[in-house]
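Dear colleague,

I am handing over to you the structure shown below.

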Amino acid sequence: MSTLVKTDQSSALAVAPGQASWSQEQRAALVQMGVQNASDGDLTVFLNYAQRTGLDPFARQIYMIGRNDRRSGTTKWTIQASIDGLRIVAQRSGEYAGQVGPEWCGSDGVWTDVWLKPGAPVAARVGVLRRGFAQPLYAVALFNEYASFYNDKPTGLWGTKPAVMIAKCAEALALRKAFPMDLSGIYTAEE
């Protein structure tokens, strides 16, 4: 089942399903959001992702993020969705039936439904329930595989909210597992 949704066409920034390119107003808004100097090709790919998923870049459900490539001296653009964006796509499918977890695990291998220990959990897992499936589709994310480090210490939110961050990764993995047709190739910033 497709997740494409009708958008509110009364908004100057609404992305239309058959739209071939960004309007001047949309391009100006994208620049305000940090998407500048992107090639027409990159912008076309971004429009395609927004249309395919039905996610609204102006509501911060889907993003185009530029990263400097030191070797080539160019900017590489990637498409990312917020965890809320992934949840929206799953909900719109009509087949999303909730989830189990998150749960966290320490180095002792014991899973718990709340992380109360000092420091970061070793892993998090989430199970996504999909109508017609007998069991939840579980995904496990390991902290050391996803966390951002500097001088061997977790940076940013990875240092202050490690349980939340790794749980988002596990949830994103599980949602893509449950809804591969709708979410393939779409990752969150935490991943």
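The count of aromatic pairs in this predicted model comes to five. One of them joins phenylalanine 143 and phenylalanine 149 in an edge-to-face arrangement, with 6.1 Å from centre to centre and 85° between the planes. Phenylalanine 143 counts as buried because its relative accessibility is 5%, whereas phenylalanine 149, with a relative accessible area of 37%, is partly exposed. Phenylalanine 143 also pairs edge-to-face with tryptophan 158, at 5.5 Å centre to centre and with 75° between the planes. This second pair links distant parts of the chain: phenylalanine 143 belongs to helix α4 (residues 143-146) and tryptophan 158 to helix α5 (residues 156-160), 15 residues apart. Tryptophan 158 has a relative accessibility of 7% and therefore counts as buried. Elsewhere, Trp22, Phe46 and Phe58 make up one aromatic cluster.

For methionine 64, the contacts beyond four places in sequence are Val35, Ala38, Asp42, Leu43, Phe46, Trp77, Thr78 and Ile79.

Turning to the strands, there is an open sheet of four, in the order β4-β3-β5-β6, with antiparallel pairing. Its edge strands, β4 (111-112) and β6 (137-142), each pair on one side only. Within the sheet, strand β3 (residues 96-105) is joined to strand β5 (residues 123-130) by six bridges, and the two run antiparallel. Cysteine 105 stands opposite alanine 123 in β5. Helix α6 packs on the sheet and touches β3, β5 and β6, its direction making about 140° with that of β6.

Some backbone details deserve a separate mention. Most residues other than glycine have a negative phi, and most peptide bonds are trans. The peptide bond from glycine 101 to proline 102, however, is cis, with omega near 20°; proline 102 is found in strand β3. Asparagine 37 is not a glycine, yet its phi is positive, at about 65°. Asparagine 37 sits in the loop between α1 (24-32) and α2 and, at 76% relative accessibility, counts as exposed. Aspartate 152, likewise a residue other than glycine, has a positive phi near 65°. Its place is the loop between β7 (149-150) and β8 (153-154), and its relative accessibility of 76% makes aspartate 152 count as exposed.

Is aspartate 56 buried, partly exposed or exposed? Its relative accessibility is 30%, so aspartate 56 counts as partly exposed. Apart from neighbours within four places in sequence, aspartate 56 is in contact with Gln61 and Ile62. The C-alpha atoms of aspartate 56 and phenylalanine 46 are separated by 11 Å, the two residues being 10 apart along the chain.

Finally, a word on confidence. The mean pLDDT of the protein is 89, and 95% of its residues reach 70 or more. Over residues 1-8, by contrast, the pLDDT is below 50; this stretch has 20 contacts in the model beyond near neighbours in sequence. Where pLDDT is low, the predicted coordinates should not be read in detail.

With kind regards

How values were computed: Residues are numbered from 1 along each chain as its sequence is written. This is a predicted model: local features need pLDDT of at least 70, side-chain atom pairs count only at pLDDT 80 or more; totals for chains, interfaces and linings use all residues. Side-chain values use heavy atoms; hydrogens and water are left out. pLDDT is the predictor's confidence in each residue, from 0 to 100. Contact means heavy atoms within 4.5 Å. Buried means under 20% relative accessible area, exposed over 50%, partly exposed in between (1.4 Å probe, protein chains only). Rings of Phe, Tyr and Trp (its six-membered ring) pair if their centres lie within 6.5 Å; planes under 30 degrees apart count as stacked, over 60 as edge-to-face and the rest as tilted. Two strands pair if DSSP finds at least two bridges between them. Axes are lines fitted to C-alpha atoms, for helices over the stretch in contact, and angles run from 0 to 180 degrees between N-to-C directions.
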